Amino acid sequence: MADESSIWDVGCILAWIEGFLRDRGDVNPRLSAQWLVSEAIGCSRIELYADLRRPLSESERATLRDWTRRRGAGEPLQYLTGSTDFRFITVKVRPGVLIPRPETEVLVSEALEAVKTPGRFVQEGPDPSLRIVDAGTGSGCIACSLASELASARVLAGDVSPAALELARENVADLGLSDRVRVVESDLLAAVPEAWHGRTDLVISNPPYIPSVVLEGMDAEVTGFEPALALDGGADGLDLYRRLVPQALEVLAPRGVLAVELHETCLEQAARLAREAGFAEARIASDLAARPRVLVARKGSPTGLS
């Protein structure tokens with residue numbers, strides 16, 4: 001009889017995990033199996049198929065036994081492996097903090113387009129830095145992406161969750177951004193320093209925005225593992241957004257931008273609320289699935305001109 005190491009090679013373990021997860025209702029068991037095995041042996045998912053007969057070590061098999069059991073119970077892949085890609089960076093993730101998603105990459109793209117548009121911002125005085133506030137930073141993925149892609153950016157990243165603050169600080173340090181990203185405990189924009197009031201170029205946020213009734217019907221992979229604090233936006237999904245809008249007007253510079261990710265059912269109402277509060281413009285951007293997802297609102301200039 002062949003020994004265990006020759007039986008449990010990459011090809012065999014991929015097939016076994018895929019079948020195990022399919023039997024337990026995984027919506028994409030093949031992708032899950034590829035993700036787990038590639039992470040366990042330290043290669044890309046494409047590279048798995050270059051050496052399907054590669055035997056697994058005892059340590060790799062032990063890791064995969066644990067991960068497969070937990071994945072079979074519905075635990076998100078990112079919590080199992082402890083990291084995920086976000087735009088051009090990789091960030092740590094862990095239970096208790098929201099997992100970064102592709103929709104939030106769209107939020108960052110829209111914000112970058114806004115701050116890079118010529119004439120949108122006038123940097124005055126001896127400090128030409130872009131001042132950015134990330135409200136509800138979670139893992140810090142937004143703050144770190146903006147800082148890594150905008151060399152002139154200084155970012156204040158706030159959150160009320162101790163778990164999120166700890167993780168965000170780790171990601172900032174790991175990515176070498178501690179000189180330009182500061183993580184602080186803050187309820188929305190409460191900790192923005194007075195010196196930044198009226199001088200902030202961008203307020204960006206992925207707040208809890210899922211309407212409570214929608215959240216109740218979501219997949220258990222989300223509701224059973226990710227923190228409700230980072231998901232539940234109240235009856236219409238706009239509880240925190242309503243608080244954020246007037247605070248953003250207070251801290252933003254003339255022509256400064258508020259960019260917020262919201263639930264697809266909330267965007268029209270959110271745009272109306274922004275205009276009613278005093279923003280000169282408010283537009284809606286769609287996510288990769290063509291669903292309304294991001295609000296970009298611009299504060300007017302002192303003269304009322306664009």
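Residues are numbered from 1 along each chain as its sequence is written, and because the model is predicted, local features need pLDDT of at least 70 and side-chain atom pairs count only at pLDDT 80 or more, while totals for chains, interfaces and linings use all residues. Side-chain values use heavy atoms, with hydrogens and water left out.

**The whole chain**

Switch to a cartoon, and the secondary structure comes to 12 helices and nine strands; helices (H or I, at least four residues) and strands (E, at least two) are DSSP runs, numbered from the N terminus. Of the 306 residues, 49% count as buried, where buried means under 20% relative accessible area, exposed means over 50%, and partly exposed lies in between, with a 1.4 Å probe and protein chains only. Among the contacts with a separation of 6 or more, 67% come from residues 24 or more positions apart, a contact being heavy atoms within 4.5 Å.

**The aromatic cluster**

Next select W8, W16 and F20, which ring pairs link into a cluster. A pair of aromatic rings is described by the distance of the centres and the angle of the planes. Rings of Phe, Tyr and Trp (its six-membered ring) pair if their centres lie within 6.5 Å, and planes under 30 degrees apart count as stacked, over 60 as edge-to-face and the rest as tilted. A search of the whole structure finds two such aromatic pairs. In the edge-to-face pair, W8 and W16 lie 6.2 Å centre to centre with 90° between the planes, whereas W16 and F20 are stacked, at 5.1 Å centre to centre and 20° between the planes. Both W16 and F20 belong to helix 2 (residues 10-23), where they are four residues apart, about one turn of the helix.

Now colour these residues by accessibility: W8 is partly exposed at 24%, W16 is partly exposed at 43%, and F20, at 18%, is buried.

**Two packed helices**

Move on to helix 6 (residues 102-116) and helix 7 (residues 141-149), which pack at an angle of about 40° with their axes 11 Å apart. The contact is made by T104, L107, V108 and L112 of helix 6 together with I142, S145, L146 and E149 of helix 7. Axes here are lines fitted to C-alpha atoms, for helices over the stretch in contact, and angles run from 0 to 180 degrees between N-to-C directions.

**Two buried residues**

Select S161 in the loop between strand 4 (153-159) and helix 8 (162-174), where its relative accessibility of 12% makes it count as buried. Leaving aside neighbours within four places in sequence, S161 is in contact with G96 and L229.

Finish at V245 in helix 11 (residues 239-251), which is buried with a relative accessible area of 4%. Apart from neighbours within four places in sequence, V245 is in contact with L258, A274, A277 and F279.
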